[in-house]
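Dear colleague,

Please find the structure below, together with its sequence.

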Amino acid sequence: MNIDSIQNGIVIDHITAGRGMKLYELLHLEQLDCSVAIIKNVHSQKQGKKDIIKIDADIPVNLDVIGYVDPGVTVNVIRGGELIEKKRIDMPETLTNVIFCKNPRCITSCEQELKHIFKLTDRANKVYRCLYCETKAN
């Protein structure tokens, strides 16, 4: 298999195997008008297997989404075919409009203009809870 290198764009690397598609969906990469490569189950010395996403455009990506789905991922910024920045992503303290509260009694169910805000309440177990009703995110 041959996946070309990118000249200007972003490489999301060290994604836990199987989580690449979830990142693709939550980052809304299907809406982009550029080349996006999702490489699944790539051999990795450290992880055994991993996923990689290559975006052939210099666009902003929501690092909170990445940190929520798979903390520890690296985001590489490529310009002129060279790596200019490498970020290791951690879990965000809050998530805004990334996930949505499933509680039908939550204020966000009837107040459509309210932002869906979740707070990290247990880092060890990766638990986020709704700011308004305390419902645990799935």
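**A contact at Thr74**

The side chains of Thr74 and His14 are joined by a polar contact of 2.8 Å. Please note that the model is a predicted one. Thr74 belongs to strand E4, which covers residues 74-79. With a relative accessible area of 6%, Thr74 counts as buried, because the cut-off for that term is under 20%.

**A three-stranded sheet**

Strands E6, E7 and E8 make up an open sheet in the order E6-E7-E8, and their pairing is antiparallel. The edges are taken by strand E6 (94-96) and strand E8 (127-130); each has a single partner strand, so one side of each is left without a neighbour in the sheet. On average, neighbouring strands of this sheet are turned by 30° against each other, direction ignored.

Strand E7 spans residues 117-122 and pairs with E8 in the antiparallel sense over four bridges. Within this part of the sheet, Leu120 has Tyr128 in E8 as its bridge partner. In general, the strands of a sheet pair through backbone hydrogen bonds, in either a parallel or an antiparallel manner.

**A nonpolar surface patch**

On the surface, Ile107, Leu131 and Tyr132 form a nonpolar patch, and together they have about 250 Å² of accessible area. Of these residues, Ile107 is located in helix H3, residues 107-110. Its relative accessible area is 39%, so Ile107 is classed as partly exposed, whereas Thr74 is buried at 6%.

With kind regards

Note on methods. Residues are numbered from 1 along each chain as its sequence is written. This is a predicted model: local features need pLDDT of at least 70, side-chain atom pairs count only at pLDDT 80 or more; totals for chains, interfaces and linings use all residues. Side-chain values use heavy atoms; hydrogens and water are left out. Two strands pair if DSSP finds at least two bridges between them. Helices (H or I, at least four residues) and strands (E, at least two) are DSSP runs, numbered from the N terminus. Axes are lines fitted to C-alpha atoms, for helices over the stretch in contact, and angles run from 0 to 180 degrees between N-to-C directions. Patches are made of residues with over 30% relative accessible area and no salt bridge: like charges are joined within 9 Å, nonpolar side chains (Val, Leu, Ile, Met, Phe, Trp, Tyr) within 5 Å. Accessible areas come from the Shrake-Rupley method with a 1.4 Å probe; for residues, only the protein chains shown count as cover. A salt bridge is a side-chain nitrogen of Lys or Arg within 4 Å of a carboxyl oxygen of Asp or Glu. Buried means under 20% relative accessible area, exposed over 50%, partly exposed in between (1.4 Å probe, protein chains only). A polar contact is a pair of N or O atoms within 3.5 Å; within protein, one must be able to donate a hydrogen and the other to accept it, and residues adjacent in sequence count only if both atoms are side-chain atoms.
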